[in-house]
Structure formats: C-alpha cells, structure tokens
Amino acid sequence: MQLKTFTMEPNAKQLQKFLKKNYQGGHYFSVYEAGFSGYWLHHQLTELGIKNIVVSPGDVPISNKEKSYKDDAIDSRKLARELENNSLKAIFVPTPKQSATRQISRLYALQSNENKKIRLRIKSFLNYLGVEIPFEVGSRWSNRLINWLEKLELKNEGDRYYLDQLIKNMKAKRKELLATLKLIRKNYADHQVIKRLRTIPGIGLITAFTYYAEIMDIRRFDNENKLASYVGLIPSLKSSGNRTRVRGLNHRQNKLLKFRIIESAWVAIKNDPALTSSYVSYIKRMPKQKAIIKIARKLLNRMRSVWINQKEYQIGRMI
C-alpha cells in the first residue's frame with residue numbers, strides 16, 4: 001500500500017525525523033540500489049533503527065512499462081513495491097573497516113594499471129622514434145633499463161624532454177605503488193586467512209589479499225557455484241524449450257578478482273602437479289584460453305576450501 005511519495009535529500013536523520021513524526025510507533029524498512037555513493041547511508045540508517053538493505057540494480061524485478069519509462073519516482077515505487085513483496089535479495093555490505101581494506105586492494109590495482117600504462121607510453125614513444133632497447137626487458141622494469149632510458153641520446157631536444165617527463169611520471173607512480181605494497185605487507189601479510197591462501201601454488205600476497213578484501217566473509221556463499229558466479233567464472237546460459245546454449249562467461253563479475261585468479265592460474269599450472277595434469281588434458285580438446293578458465297575455477301575452489309576449513313593447502317591434492 002502506497003502512503004506517500006515525496007523527494008528529499010539523502011539524509012538519514014531527516015528521514016528518521018519524518019517517519020517518527022508521520023508514522024509514530026511503526027517499524028521502518030528501507031532499500032536503495034548499490035551505486036557510486038557506497039554504503040555510508042546504509043550504516044547511518046541502520047544505526048537510527050531503520051532496517052535497510054542494499055540491492056544490486058540488476059536483481060530488482062522490473063515490468064516492461066518500467067523499462068520504457070524510467071525516472072526517480074518510478075524507481076522508488078518499484079523498490080518500495082518489491083520490498084513490501086519481500087522479493088529483494090540484499091547484497092553483502094562491508095563494515096567501514098572492511099570497506100577500508102577493500103579500498104587498499106583497489107588502490108593497488110589502480111596504481112598497478114597506471115604503471116603499466118606509463119611503461120606502454122614509453123615503449124610506444126621509442127617505437128615512434130625507431131629506437132630499440134638493446135637488452136631483454138621483463139614485465140618489471142629494472143633500474144638498468146631506467147638508467148639506459150635516462151642516458152639515451154636523442155637528436156631533438158623536444159623528444160628528450162618528452163621522454164624525461166614520462167620517466168619522471170613513471171618513477172613517481174612506481175614509488176606510490178611500492179608504498180601501497182609496503183602497507184599491504186605490513187598490515188596483512190601475517191593475517192591467518194591470507195597466510196593459508198598463500199600455501200596454494202600460484203597464489204601470492206596480492207592475489208590472496210585481493211581475494212580476502214573482496215570476499216571478507218567466505219560463508220556468505222553457500223557453495224562453489226555461487227562464489228564462481230560472483231567472481232565471473234561461470235558460463236552464461238540461454239535456455240529455450242529443450243535447448244540450452246552456452247554463451248561464454250557471465251558478464252556479471254568482480255573484474256579485479258577474476259583477473260587475479262586467472263593470472264594466478266597460469267602460475268599454478270607450473271607448480272601444482274594436479275593442475276598441470278588437468279591443464280594438459282584440457283588443451284587436447286579446447287583452446288588454451290578456455291582451458292585456463294577451467295583451471296582458474298579449480299583454483300578458486302581450492303581457495304574457498306582453504307578458507308572454510310582453516311587449513312593450509314596440501315600440494316597436489318584435488319579439491
């Protein structure tokens with residue numbers, strides 16, 4: 001039953017004041033869709049005694065009319081209707097402390113990507129000038145390479161200035177990345193969950209930390225399939241009648257965690273005999289990229305098992 005529709009600022013105290021004034025003695029429930037503003041409002045509403053949930057926009061039932069006509073009033077009525085019908089599934093809301101840990105993980109990923117981009121700019125600029133690096137360059141740039149870049153003689157002053165600015169930018173970004181890595185090592189390297197995860201072949205500190213920061217509570221996933229769905233390692237299916245078509249990996253995913261798990265899977269197949277055997281078997285009947293996704297799924301299952309059972313991983317054991 002709809003009692004009133006109105007517009008107000010996203011202020012929890014004002015909402016509480018309005019509810020107590022107009023609906024004194026009631027039980028108050030609220031809902032909003034997850035978005036850019038995070039969870040501060042949820043925490044405030046909860047502290048004020050309003051039973052709030054946060055939902056994923058993609059999980060809210062919607063009619064054809066609501067798809068065609070979309071505005072704040074329609075969206076609010078839709079959410080209120082489904083909240084009354086008890087058809088909404090709340091997403092996991094991290095505590096402020098958990099959210100802060102997650103931000104460190106995402107900051108490291110952002111800084112790492114920025115480092116990769118600036119290195120690509122330097123490589124692209126050298127290609128533009130027709131300059132080749134006279135020695136092998138790994139994924140992590142050494143001081144030897146940086147010294148060579150700084151001493152590289154270029155004909156035009158403008159080119160030298162441009163390269164110097166790129167190098168200066170790269171050094172600054174690398175310093176920021178190392179500072180964040182130092183923070184992660186100091187505060188999380190000895191965390192029991194992270195230490196156990198690192199006993200799994202292929203799982204280093206950053207992958208273990210990212211997994212912990214993004215998941216926080218492993219038991220919120222009832223089974224392996226739900227965890228794989230959250231990460232983005234299950235196929236998207238389209239069913240019609242008696243036919244079911246697999247359409248590749250589901251687009252709903254945790255991009256950062258998915259990237260880390262797949263990256264670790266490439267390392268794991270070189271260090272875990274069981275995964276090596278599985279990978280060799282897979283590539284006999286499918287492309288390597290599809291095979292590594294299956295390995296990543298196995299690796300994810302291992303990580304879940306280690307966390308739930310609170311035991312170190314035994315190499316070569318199939319889980």
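In this predicted model, the crossing of helix 9 and helix 13 is right-handed. The axes of the two helices come within 12 Å and cross at roughly 70 degrees, which makes helix 9 roughly perpendicular to helix 13. On the side of helix 9 the contact is made by T207, Y211, Y212 and I215, and these meet L300, M303, R304 and W307 of helix 13.

Helix 9 itself, which spans residues 205-215, is mostly covered, with eleven of its eleven residues buried; among them are F209 and E214. Besides helix 13 (288-309), the buried residues of helix 9 pack against helix 5 (96-129), helix 7 (157-188), helix 8 (192-197), helix 10 (224-231) and helix 11 (255-268). Helix 9 is followed by M216, a residue with a positive phi near 65 degrees.

The side chain of N52 takes part in the polar contacts listed here.

| Side-chain pair | Polar contact |
|---|---|
| N52 and S30 | 2.7 Å |
| N52 and H42 | 2.9 Å |

When neighbours within four places in sequence are left aside, N52 is in contact with V31, Y32 and L45 as well as with S30 and H42.

Definitions and conventions
Residues numbered from 1 in each chain as written. Predicted model: local features only at pLDDT ≥ 70, side-chain atom pairs only at ≥ 80, totals over all residues. Heavy atoms only, no water. Polar contact = N/O pair within 3.5 Å; in protein donor to acceptor, adjacent residues only side chain to side chain. Contact = heavy atoms within 4.5 Å. Buried < 20%, exposed > 50% of the residue type's maximum accessible area, 1.4 Å probe, protein only. Helix = DSSP H or I, 4+ residues; strand = E, 2+ residues; numbered from the N terminus. Axes fitted to C-alpha atoms, helices over the stretch in contact; angles between N-to-C directions. Parallel < 35°, antiparallel > 145°, perpendicular 65-115°, else oblique. Left-handed = near helix turned anticlockwise from the far one by under 90°.
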